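Here is a short briefing for a first look. Please keep the sequence and the model side by side while reading.

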Amino acid sequence: MQVFDRKQILLFSLAMGLMFMIFSWLFELSRLNMDFNLSSISAIYRNNPVLIIISFIPVVFFIVGWFLSQHFAKMNQELAEVNNQLSQQIQSIHKVATFAEQIGKGNYEIEFEIADNSDMLGITLQNLRNKLYNNNQKESLQNWEMRGKDQIGQILRMHTDVNMLCYEVLETLIKYINVVQGAFYIFDDDSSLLKISASYAYNRKKYLATELKVGEGLVGQAAIEKDIIHRTEIPDYYLSITSGILGEKKPASLLIVPLLMEEKLQGAFEFASLKDFKPYEIEFLKSIAEIVARTIYNLKINTKTEKLLRESQKMTQELKENEEELRQNAQMMRITQEELEKINTHLEEKINEVNQSQKRLYSLLENASELITIYDNKKQLKYVSPSVSNILGFSEEEMFAGKDYDRINKNGQIIFDKMFEDLLGKPGFSQKIQYAYLNKPGNIMYLETTGRNLQHDSAIAGLILNTSDITERKRAEKEQRMRGQMQTLSDNSPDIIMRVDLNRIVFYANPAIESFLDGKAEELNKKHINEIGLIEEIIVAIDNIVEEIANTGEKIQKEINFSINKARKVMNLNAIPEFNEESKLETILFILHDITTQKEIEDEIKEKNANITDSINYAFRLQNAILPSQKIIKQAFPDSFMFYRPKDIISGDFPWIYEKDDDVYIAVVDCTGHGVPGAILSIVGFFIMNQILSQPGVLTPGEILDRLHAGVQQTLKQDIKGAIARDGMDIALCKVNFKEMQLQYSGAHRPLYFIRDKELIEYKGTRSSIGGISKEGKPSVSFDNHVIDFAKNDCIYFFSDGLPDQFGGPEKKKYFPKRIKQHILNNLDTPMDKIYTFFKNDYQQWVGDQIPIDDVLLIGIRF
């Protein structure tokens with residue numbers, strides 16, 4: 001929307017000026033009583049010269065209107081920008097509102113693009129969407145599991161017949177988890193065999209074993225291990241799946257789930273699928289297996305009960321048949337029954353007495369401070385007292401499962417085994433041992449066990465162990481021992497060690513303090529720090545630190561500088577708060593360590609480092625003055641870039657360019673090493689290459705590399721016997737002739753990427769470096785030369801190994817040439833300066849907090 005139109009303002013200004021001029025004419029003509037015509041107008045101008053000035057008023061109005069139009073045009077432009085920004089804000093708000101509305105409707109898969117990092121509402125909504133989506137996925141899996149459990153639970157409640165129950169459970173599970181094959185095995189307690197009770201979709205019965213021993217095949221193996229078996233590599237002999245659509249096909253995944261009821265085997269599931277089982281499906285089947293195992297166990301109990309009932313009914317029938325004989329003996333039985341009732345009453349009284357005694361004994365054992373265990377001669381646990389839960393944290397069942405021995409440390413197990421050997425060899429003998437044990441909360445505790453061999457005692461018939469917790473005793477002994485060691489170390493330490501309370505009273509000072517005092521260390525006890533004769537700087541530091549630790553309760557470390565006999569001293573002061581049993585700050589331990597010599601060495605190192613850095617910076621300026629810059633390369637190749645990142649201040653990688661007649665030579669050179677050694681070698685290579693090209697004649701890149709190889713060997717004396725310098729360089733060298741539109745390339749270990757018509761062609765360099773020590777008897781290497789005709793918009797890229805070899809990214813892997821190729825192909829139509837920016841940003845993001853391992857040099861040219 002425009003406030004004023006510029007043309008309208010100009011016309012209005014001109015009209016107003018003309019109207020003012022005409023009005024002045026009319027006024028003057030009326031005053032002089034003259035008619036309105038040209039002669040009258042000419043007359044009034046002669047009589048009144050002021051009208052000449054008034055005649056310029058339209059021009060003035062026009063000029064004013066022109067300035068006003070400029071002002072209003074600027075206002076219109078600013079208003080348009082404000083409207084545009086407002087429109088963008090409205091669109092952004094509408095976009096966010098739509099996104100929020102979709103989230104509210106439960107559409108968590110809607111895509112939403114955040115404009116920039118400042119869009120906090122968009123970022124918050126996106127995070128909210130992600131959290132809601134994850135919660136929805138978890139809730140869906142939980143609902144899926146609950147529905148499956150409800151279906152299986154309904155089947156288990158409906159059936160009392162094991163075979164029908166097995167088939168319906170198997171069929172329901174197969175359809176629910178979407179597998180194609182399955183079998184249900186029931187464990188027969190009498191024969192100790194796994195017998196198949198139901199199968200689904202098996203087309204070849206000869207491969208389906210109806211009975212399996214525990215430990216036989218995959219199903220038997222799962223049963224003996226009491227754990228699931230999940231296989232994705234199916235044996236060739238295993239069952240195949242036949243379908244009218246799929247034909248005959250091997251399953252892709254096999255899952256066997258044992259049915260366990262309190263660690264007792266009740267049966268097993270076996271499922272085969274054309275897809276791999278998902279983790280949540282496996283967890284679901286494990287939970288279903290527990291429910292089904294419990295039901296199978298109950299059905300087995302019911303079956304046995306029914307069998308006993310039938311036998312009882314049979315016996316009742318037999319009793320009826322012998323009813324006459326029973327009647328004859330009824331009197332005798334009544335008398336016997338009366339006697340039995342008396343005996344039963346007496347027995348009940350005795351049983352109650354025994355039960356009360358057992359309860360008292362159990363209560364005493366449960367609350368005892370000792371743990372009692374009994375082992376047989378094979379070191380198998382036979383009995384554990386109830387106090388185990390209070391002492392070790394484990395239940396009696398967990399101890400029988402192996403926690404009695406598994407939680408002992410390795411050294412303790414050796415001591416434990418040795419005690420068993422000694423006790424078994426000496427009946428009636430007792431022995432005491434100590435060892436470390438990891439209790440159920442995960443804390444290390446120390447136990448003392450007294451073992452006795454009572455195999456001859458029929459009530460015990462084994463080895464009885466009485467175990468006590470001696471952790472606190474061990475801790476007290478350790479603390480006492482450490483106090484003694486600390487006192488010895490403190491007395492012999494060269495550092496000053498003092499213990500001061502919050503009132504600045506000294507409770508301990510070691511002999512090292514005597515070097516700063518006139519008296520003895522023992523004389524300082526119970527004196528204020530101001531009274532012991534320390535220098536002022538140390539007293540002030542101790543006073544301030546006591547105040548600070550009293551407020552924070554945290555350890556403090558600082559350095560103190562002072563002078564003694566005009567000699568500079570630097571002390572490292574550590575203040576450690578010491579708390580009593582009630583966690584109340586009681587004293588502070590001060591340790592003062594003389595670091596004067598260390599500081600002098602550090603200052604000397606800093607000075608030397610500064611001198612070395614200055615030398616390297618000077619070398620950097622020299623290297624930059626010699627090597628071609630990005631500006632020089634762009635003069636020869638306008639549409640190009642150079643990405644150059646030295647690892648250190650100066651680099652062993654360097655670009656090189658040389659123009660001779662109609663040819664332009666350009667190279668990426670990677671010298672051995674980096675930093676100062678690499679830079680020195682780069683200067684050697686730079687001047688040898690310049691010297692080669694300064695000679696008369698036209699050379700191919702391959703011939704230049706042959707001469708460079710010989711020149712480097714000669715310069716570094718690698719061509720003489722006994723040479724030890726194996727340094728050299730890798731290189732990618734190109735010769736470009738724009739008149740002939742021809743490119744020649746030769747390389748030593750470094751490739752050239754040539755791009756034409758969206759296709760990347762790699763020309764590999766010769767597998768040999770420039771320089772180095774040649775093997776005796778091996779012919780001198782000759783570098784391959786490639787000739788390529790190029791066209792407009794063709795591109796070339798060549799680089800040192802520092803870029804592909806750089807470690808980084810989320811997985812700390814190499815950058816690799818594959819990544820470079822992919823980035824080049826993804827930016828075929830991108831200008832070279834933006835490709836430079838892309839590689840720079842991508843490299844920095846890839847490296848992140850990692851340290852670069854080598855110099856990096858990448859050159860890209862578009863013809």
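Ser768 touches Ala748, His749, Val781 and Phe783, leaving out residues up to four places away in sequence. Contact here means heavy atoms within 4.5 Å. The model is predicted: local features need pLDDT of at least 70, side-chain atom pairs count only at pLDDT 80 or more, and totals for chains, interfaces and linings use all residues. Residues are numbered from 1 along each chain as its sequence is written, and side-chain values use heavy atoms, with hydrogens and water left out.

**Overall make-up**

- The protein has 21 helices and 32 strands. Helices (H or I, at least four residues) and strands (E, at least two) are DSSP runs, numbered from the N terminus.
- Of its 863 residues, 38% count as buried. Buried means under 20% relative accessible area, exposed means over 50%, and partly exposed lies in between (1.4 Å probe, protein chains only).
- Among contacts with a separation of 6 or more, 56% join residues 24 or more positions apart.

**Ser768 in its loop**

- Ser768 sits in the loop between strand 26 (759–763) and strand 27 (770–771).
- Ser768 counts as buried because its relative accessibility is 18%.

**Nonpolar cores**

- In soluble globular proteins, nonpolar side chains tend to be buried together.
- The largest nonpolar core has 49 residues, of which Phe637, Leu708, Ile731 and Phe798 touch the most other members. Such a core is a set of buried Ala, Val, Leu, Ile, Met, Phe, Trp, Tyr and Cys residues joined through side-chain atoms within 4.5 Å.
- Phe637 touches Ile657, Val664, Ile666, Val736, Phe738, Ile861 and Phe863, not counting residues up to four places away in sequence.
- A second, separate core holds 32 residues, including Ile155, Cys166, Leu255 and Val292.

**Cysteines**

- Cys166 counts as buried, at 0% relative accessibility.
- Cys734 is also buried, with a relative accessible area of 0%.
- The structure holds zero disulfides (pairs of cysteine sulfur atoms within 2.5 Å).

**Helix 20 against helix 21**

- Helix 20 (residues 816–826) and helix 21 (residues 832–847) pack at an angle of about 145°, with their axes 12 Å apart. Axes are lines fitted to C-alpha atoms, for helices over the stretch in contact, and angles run from 0 to 180 degrees between N-to-C directions.
- Helix 20 contributes Arg819, Ile820, His823 and Ile824 to the contact, and helix 21 contributes Phe838, Phe839, Asp842 and Trp846.
- By class, this contact has five nonpolar, one polar and two charged residues. Ala, Val, Leu, Ile, Met, Phe, Trp, Tyr, Cys and Pro count as nonpolar, Asp, Glu, Lys and Arg as charged, and the others, Gly among them, as polar.

**Two residues in helices**

- Gln623 lies in helix 16 (residues 596–626). Gln623 counts as buried because its relative accessibility is 4%.
- Gln623 is in contact with Ile650, Ser651, Ala679 and Ser682, leaving aside its neighbours within four places in sequence.
- Gln623 and Ile680 are 57 residues apart in sequence, and their C-alpha atoms are 9.3 Å apart in space.
- Arg475 is found in helix 14 (residues 471–492). At 39% relative accessibility, Arg475 counts as partly exposed.

**Positive phi in loops**

- Asn793 is not a glycine, yet its phi is positive, near 75°. Asn793 lies in the loop between strand 28 (786–789) and strand 29 (795–799).
- Lys812, also not a glycine, has a positive phi of about 55°. Lys812 is found in the loop between strand 30 (807–808) and strand 31 (813–814).
- Lys812 counts as partly exposed, at 48% relative accessibility.
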